[in-house]
Amino acid sequence: MSNVAKRINIVSIKMVKESSFQYLARQILSPSDAYEMIKDHLQDLDREQFIIACLNTKNEPTNITVVSVGSINKAIVHPREVFKTAILSNAASIMAFHNHPLGDTIPSDQDIQLTHRLVEAGELLGIKLLDHLIIGDRSFTSLKEKGYL
């Protein structure tokens, strides 16, 4: 074995604000509140996007981030990527959103499985998943309201 020293980098992690928008309701108290906040960012897209909103202890959104951009009917999402921004933001909870470009908001088996994985990961991290909304053509489905959370 060689006794050559290995160099270890010292790093820091930063979040960079790309832009912002105003949200009049301040707090998210219902799936409708969450839909009103995010609909302009997810309606009318030609590919699936998975977005999370980080919330503080008062359910006020502090930031949103695009976790994944996929194809017309699929976006690859891993819990590690979902919770990365939430941890850096000191989020108390998160809301998950993704769009169905074809307009329907019926959750797929993959949508339901992902929601369950995010609930489990959030429990381990102490960051609660409040809801997962599927955004369609001028409508939405709340997986919490459907009983999947």
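Biologist: Is Arg138 buried or exposed?

Modeller: This is a predicted model. Arg138 is exposed, because its relative accessible area is 52% and the cut-off for exposed is over 50%.

Biologist: Which side chain meets Arg138 in a salt bridge?

Modeller: First the general idea. Side chains of opposite charge can pair when their charged atoms come close. Here Arg138 pairs with Asp44, at 3.5 Å from N to O. The two sit in distant parts of the chain, 94 residues apart. Asp44 lies in the loop between α1 and β1, Arg138 in the loop between β4 and β5. Asp44 is exposed, at 61% relative accessible area.

Biologist: How many salt bridges does the structure hold?

Modeller: Six. One of them joins Arg26 to Glu60, with the closest N and O atoms 3.8 Å apart. That pair also links distant parts of the chain, 34 residues apart. Arg26 is in the segment before α1, and Glu60 is in the loop between β1 and β2. Arg26 counts as exposed at 56% relative accessibility, whereas Glu60 counts as buried at 18%.

Biologist: What separates Glu36 and Lys39 in helix α1?

Modeller: About one helical turn, because they are three residues apart in α1.

Notes
Residues numbered from 1 in each chain as written. Predicted model: local features only at pLDDT ≥ 70, side-chain atom pairs only at ≥ 80, totals over all residues. Heavy atoms only, no water. Salt bridge = Lys/Arg side-chain N within 4 Å of Asp/Glu carboxyl O. Helix = DSSP H or I, 4+ residues; strand = E, 2+ residues; numbered from the N terminus. Buried < 20%, exposed > 50% of the residue type's maximum accessible area, 1.4 Å probe, protein only.
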